[in-house]
Amino acid sequence: MVNALIIDALKADLFAEAKALGFAAVGVAQAAEDALRAARLDDWVAGGNHGDMAWMADRLPHRRSPQGLWPEAQSVIALGMSYAPAVDPLTLAAVGDRARISVYAQGGDYHDTVKKALKALARWLVVAAAKRGLGEIGVKVFVDTAPVMEKPLAAAAGLGWQGKHTNVVSRQHGSWLFLGAIYTTLPFAPEPEARDRCGSCRACQDACPTLAFPAPYQLDARRCISYLTIEHKGPIPEEFRVALGNRIYGCDDCLAVCPWNKFADAAARHRAFLPRAELAAPRLAELLTLDDAGFRRLFSGSPIKRIGRDRFVRNCLYAAGNSGDMGLVAVVASLCDDPDAAVAEAAVWALGRLEG
Ligand code: B12
Ligand code: SF4
Ligand code: SF4
C-alpha cells in the first residue's frame with residue numbers, strides 16, 4: 001500500500017521529467033499481453049503485408065507483448081515527441097522540379113534525438129526510484145528498431161488512438177508524434193486507453209495514392225510509398241511509379257489530411273526536427289548529381305542516410321520521370337549506365353517518360 005502511494009507519486013514526477021526532456025506526450029500501459037493486439041499482428045504478418053521487411057516476422061513472440069520480450073517487465077512508459085510541421089506538407093505536391101521529402105525526415109534523425117531523451121529519462125527513473133526506497137529497478141528503452149509494437153502501446157497508454165491510417169493520432173498533436181517506449185519492472189498503474197475519434201471520417205483512406213489500405217486500420221506495406229521509397233530494394237514495381245509523383249523519401253499524405261491536425265501545435269515541435277532549409281523543397285537537378293560522398297555529406301545526421309546513395313537516386317529518377325521537366329533530360333541520360341542496376345533501369349524509365 002505504502003509502495004503503491006510512492007509509485008503513484010513517482011509517476012507524477014516522471015511525467016514532469018519527461019516534459020522537461022522534450023517529450024510532448026507521456027502515459028503508462030500494462031506490460032502483459034493483449035490477445036487481440038497479438039492476434040492482429042500475427043494476421044498482418046501471415047498475410048504478407050510486411051513485404052520484404054523480414055525483421056517484422058522474426059522474433060514475433062518478442063513483438064507480441066512487452067513481457068514476450070522481457071518477462072520481468074511490469075509496465076510500459078509510452079512517450080511521444082512532436083514533429084508537427086508549420087506548413088501543410090501537401091503544398092509541394094504540384095511543383096514539378098522540386099522533390100518531396102516526408103516531414104519526419106526533413107530535420108534531425110529522430111532515432112538519435114528520441115533515444116537520447118529516453119535514456120536520460122530512464123536514468124532519472126532508476127535514481128528517483130532508489131531515492132524513494134524502491135530499490136534497484138530494471139529499465140529498457142526502445143525507439144523504432146526493436147521488436148516492440150509502439151503504436152498499440154502508445155494507444156493503450158492514452159497518448160492517442162490508432163487512426164484508420166494506423167498511426168497514433170493525438171488530440172493535442174495530430175498525426176505528428178514520434179513514439180518511443182521504456183519498459184520497466186516498476187508496476188505503475190496504467191492510464192485509461194484513448195478513445196477512437198475517427199468516427200465516419202475516411203479522409204486518410206481516400207487520400208492514399210496507391211490504395212495501400214485494404215480496410216480501415218490495416219495497411220498493406222507493399223503498396224505504401226513510405227515502404228517503397230525507404231525499405232524496398234531494387235526497382236520499384238512499375239504499377240506504382242507514376243503514383244510516386246515527386247515523393248522521393250517517405251509519404252505524408254494520409255497523415256496530412258487528418259482533420260485532427262488542425263489542433264496540432266507547431267510550437268510543440270522539438271527543435272531537433274525543424275526542417276533543414278536544403279531538405280524542405282530540394283531541386284531534383286541537384287539531387288540527381290549526388291555521388292556517394294556527396295550523399296553522405298548532405299544527409300549526415302538525417303534518417304535518409306540509412307538508404308544510401310543508390311536507392312535515393314533511384315527514387316529521384318522516378319520523380320524526374322514524373323516531373324515533365326525537359327531540363328532534367330541531360331542529367332537523367334547521364335545515369336542510364338550507372339553501375340547500380342536499379343539506378344540505370346530507373347534512368348531509362350524516366351528518360352522514356354520525359355521524352356515519350
Ligand atoms: C514497420 C513500420 C512501418 C512500415 C509499415 C507501417 C505499418 N502501418 O505497420 C512502413 C515502412 C510502411 C512504415 C511507414 C510509416 N511509418 Co513506420 N514504423 C514501422 C514500425 C517499425 C513497426 C510498425 C508495426 O508494428 N507494424 C505492424 C502492424 C501489424 O502494426 P499496426 O499498424 O500497429 O497494426 C495494428 C492495426 O493494424 C490494428 N488493427 C488491425 N485491424 C484492426 C481493426 C480495427 C477495427 C482496429 C481498431 C484496429 C485494427 O491492430 C494491429 C495490432 O494492434 C514502427 C516502429 C515500431 N517498432 O512500432 C514505425 C512507426 C509506426 N512508423 C512511424 C512513421 C512516422 C511512419 C510514416 C508516417 C513515415 C513516413 N512519413 O513515410 C509512415 C506511415 C505509413 C502508415 N500509414 O502507416 C511512427 C508512427 C508514429 C505514430 N504517431 O503513430 C513509428 C511508431 C516509428 C516511431 N518510433 O515513431 N512504417
Ligand atoms: S504513407 Fe502515403 S502511400 Fe503510405 S498509406 Fe499513407 S498515403 Fe498511402
Ligand atoms: S483522417 Fe479521419 S479516419 Fe483517418 S486517422 Fe484522421 S480522423 Fe481517422
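## Around ligand 1

Helix H2 (35–46), helix H7 (150–156), strand E7 (177–184), helix H9 (225–231) and helix H11 (253–256) each bring at least two residues to the shell around ligand 1; helices (H or I, at least four residues) and strands (E, at least two) are DSSP runs, numbered from the N terminus. H2 gives the largest share, four residues.

This is a predicted model, in which local features need pLDDT of at least 70 and side-chain atom pairs count only at pLDDT 80 or more, while totals for chains, interfaces and linings use all residues. Residues are numbered from 1 along each chain as its sequence is written, and chains are lettered from A and ligands numbered from 1 in the order in which they are written.

In total, 36 residues surround ligand 1, the closest being Glu 150, Asn 167, Tyr 217, Ser 226 and Gly 250 (a residue is near a molecule if its C-beta atom, placed from the backbone, lies within 6 Å of it). By class, this shell holds 21 nonpolar, eight polar and seven charged residues.

## Around ligand 3

Now for ligand 3: 13 residues surround it, and Gly 163, Cys 198, Cys 201, Cys 204 and Cys 258 are the closest. Nine residues of this shell are nonpolar, two polar and two charged.

## A look at Val 168

Val 168 sits in strand E6 (residues 168–169). Val 168 is buried because 25 other C-beta atoms lie within 10 Å, the cut-off for buried being 20 or more.

Key
Ala, Val, Leu, Ile, Met, Phe, Trp, Tyr, Cys and Pro count as nonpolar, Asp, Glu, Lys and Arg as charged, and the others, Gly among them, as polar. A residue is buried if 20 or more other C-beta atoms lie within 10 Å of its own, exposed if 12 or fewer, and partly exposed in between; C-beta atoms are placed from the backbone.
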